[in-house]
Amino acid sequence: MELNDWVILITALGGIEGIKQLVKWVLNRKYEQRKEDASADAAENENERKQVDWLEARLAQRDVKVDTLYSEVRKLENEKLELVYKLHEKELQLKEAEMKKCEVRGCDKRQPPSDY
């Protein structure tokens, strides 16, 4: 290739500005790649932070719901226990009344004998 061919080739590629851009690209390509990688990593981290925040909020909502359900269950359990205690008390009173019941009607001699 002659000098004239080189001049035509350089002119076709953009002249001096083309050469400057080519040199800049060669010197800065690693820097630009690191910059793009850092930007992509930052975007991924931000997405993960948003997902973690969303999951934490959802977990907090579920904790509140579970606490509410547990308090309702405890309340129902307490009501049922009170009802069971009342029923046992009434059963004891019924057995006591059956024991005190007189088998013979209208007499002074109580059957079965009792201190009552």
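**Salt bridges and surface**

Modeller: The structure, which is a predicted model, holds 2 salt bridges.

Colleague: Which residue forms a salt bridge with R49, and how far apart are the closest N and O atoms?

Modeller: To read a salt bridge, one looks for a side-chain nitrogen of Lys or Arg within 4 Å of a carboxyl oxygen of Asp or Glu. Here R49 is paired with E46, and their closest N and O atoms are 2.8 Å apart.

Colleague: Where do R49 and E46 lie?

Modeller: Both belong to helix α2, which covers residues 15-100. R49 and E46 are 3 residues apart, about one turn of the helix.

Colleague: Which residue is the partner of E77 in a salt bridge?

Modeller: The partner of E77 is R74, with 3.2 Å between the closest N and O atoms. E77 and R74 are likewise in helix α2, and because they are 3 residues apart, about one helical turn separates them.

Colleague: Is R49 to be called exposed or only partly exposed, and why?

Modeller: The general idea is a scale: a residue is buried under 20% relative accessible area, exposed over 50%, and partly exposed in between. R49 has 47% relative accessibility, so R49 counts as partly exposed. E46 is also partly exposed, because its relative accessibility is 36%. In the other pair, E77 counts as partly exposed at 39%, and R74 counts as partly exposed at 44%.

Colleague: Why is W25 classed as exposed?

Modeller: The cut-off for exposed is over 50%. W25 has a relative accessible area of 55%, and therefore W25 is exposed. The residue is placed in helix α2.

Colleague: Which residues form the nonpolar patch on the surface?

Modeller: W25 is one of the members, together with I16, I19, L22, V23, V26 and L27. The accessible area of this nonpolar patch comes to about 730 Å² in total.

Colleague: Which residues gather in a patch of negative charge?

Modeller: On the surface, E32, E36, D37, D41, E44 and E48 make up that negative patch. Among them, E36 is found in helix α2.

Colleague: How many helices and strands are in the protein chain, and what percentage of its residues is buried?

Modeller: The protein chain has 2 helices and 0 strands. Of its 116 residues, 2% are buried. The accessible surface of the chain is about 11400 Å², and carbon and sulfur atoms account for 58% of that surface.

Methods:
Residues are numbered from 1 along each chain as its sequence is written. This is a predicted model: local features need pLDDT of at least 70, side-chain atom pairs count only at pLDDT 80 or more; totals for chains, interfaces and linings use all residues. Side-chain values use heavy atoms; hydrogens and water are left out. Helices (H or I, at least four residues) and strands (E, at least two) are DSSP runs, numbered from the N terminus. Buried means under 20% relative accessible area, exposed over 50%, partly exposed in between (1.4 Å probe, protein chains only). Patches are made of residues with over 30% relative accessible area and no salt bridge: like charges are joined within 9 Å, nonpolar side chains (Val, Leu, Ile, Met, Phe, Trp, Tyr) within 5 Å. Accessible areas come from the Shrake-Rupley method with a 1.4 Å probe; for residues, only the protein chains shown count as cover. Lys and Arg count as positive and Asp and Glu as negative; His and the chain ends are not counted. The place of a charge is taken as NZ of Lys, CZ of Arg, CG of Asp or CD of Glu.
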